[in-house]
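Visitor: I have a model on my screen and would like to learn how to read it. Could you walk me through a few features?

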Amino acid sequence: VQILDWPDLPSRMICMWAASYRRSWEPSNDPNVLKRYIEEVVAGNKLNVLSLMLDFEFEFDHNAKITKVNGMMSRETYAEIARLAKDHFIEFVPSLQSGGHSGHFTDVFPELKEPGYHSGQVNVLHENWRKILFQCYDDILAACPDAKYFMIWHDEWWHRPTEEVTDTFMGKPRWQIYRDEV
């Protein structure tokens, strides 16, 4: 057997939202569309790592009030998608949007919103933040027990102020907050 076509890179990843926000090139949350997309596009293009990012359109147990009923992805559906990826030799990486894109948290836990920023910026110094976040991680990982990796999507911190803000928050420099808390 002679191989005429092979990938140049050992890891070829695609990240996509299975969430409330979707970019025009990403498939809908319909499980059949996602499965077909994995088979035809992800596997078809020899990609071998898939991160399917969630927000409030997932069946959370610990923090059920985060879950949006319409368009929700069940835990079993997420697990089916992870198994399908594995069947196509694709490493499935579950992920949850957090940090500067945390509207799914601050909409239902308004006390988590950091003052001076858009509604999606969470206050990582809030006493309940880590508990809520890690419970959500646990719920997602329960659907994907074979996952070797988990993507936390901690991007774009403090990127949309709604008023003038300073380089300190609650008496701590923001660089230190990022270093210690994020």
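Visitor: What do the buried residues of H1 pack against?

Guide: Strand S1 (13–17), strand S2 (49–54) and H2 are what they pack against. Helices (H or I, at least four residues) and strands (E, at least two) are DSSP runs, numbered from the N terminus. "Buried" means under 20% relative accessible area, "exposed" over 50%, and "partly exposed" in between (1.4 Å probe, protein chains only). "Contact" means heavy atoms within 4.5 Å. Bear in mind that this is a predicted model, where local features need pLDDT of at least 70 and side-chain atom pairs count only at pLDDT 80 or more, while totals for chains, interfaces and linings use all residues. Residues are numbered from 1 along each chain as its sequence is written, and side-chain values use heavy atoms, with hydrogens and water left out.

Visitor: Which residues of H1 are buried?

Guide: Start with the general idea: an α-helix has 3.6 residues a turn, so residues three or four places apart point the same way. In helix H1 (residues 31–42), Leu34, Tyr37, Ile38 and Val42 are the buried ones. They line one face of the helix, because they fall within an arc of 100° seen down the axis of H1; the arc is that of the directions from the helix axis to the C-beta atoms. Look at the other side of H1 and you find Asn32 and Arg36 exposed.

Visitor: What is the strand order in the open sheet?

Guide: Two strands pair if DSSP finds at least two bridges between them. Here three strands make an open sheet in the order S1-S2-S3, paired in parallel. S1 and strand S3 (91–96) stand at the edges with a single partner strand each, so one side of each has no neighbour in the sheet. On average, neighbouring strands in this sheet are turned by 20° against each other, direction ignored. S2 and S3 pair in the parallel sense over six bridges, and Leu52 has Pro94 in S3 as its bridge partner.

Visitor: Is Arg75 buried or exposed?

Guide: Arg75, in helix H2 (residues 75–87), is buried because its relative accessible area is 19%. Next, check its polar contacts: a polar contact is a pair of N or O atoms within 3.5 Å; within protein, one must be able to donate a hydrogen and the other to accept it, and residues adjacent in sequence count only if both atoms are side-chain atoms. The Arg75 side chain makes one of 3.0 Å with that of Asp61 and one of 3.5 Å with that of Asp139.

Visitor: Which side chain does His154 join through a polar contact?

Guide: That of Ser98, at 2.9 Å. His154 sits in strand S5 (residues 154–155) and counts as buried because its relative accessibility is 17%.

Visitor: Where does Met170 lie?

Guide: In the loop between strand S6 (168–169) and strand S7 (172–173). Met170 counts as exposed because its relative accessibility is 55%.

Note on methods: Axes are lines fitted to C-alpha atoms, for helices over the stretch in contact, and angles run from 0 to 180 degrees between N-to-C directions.
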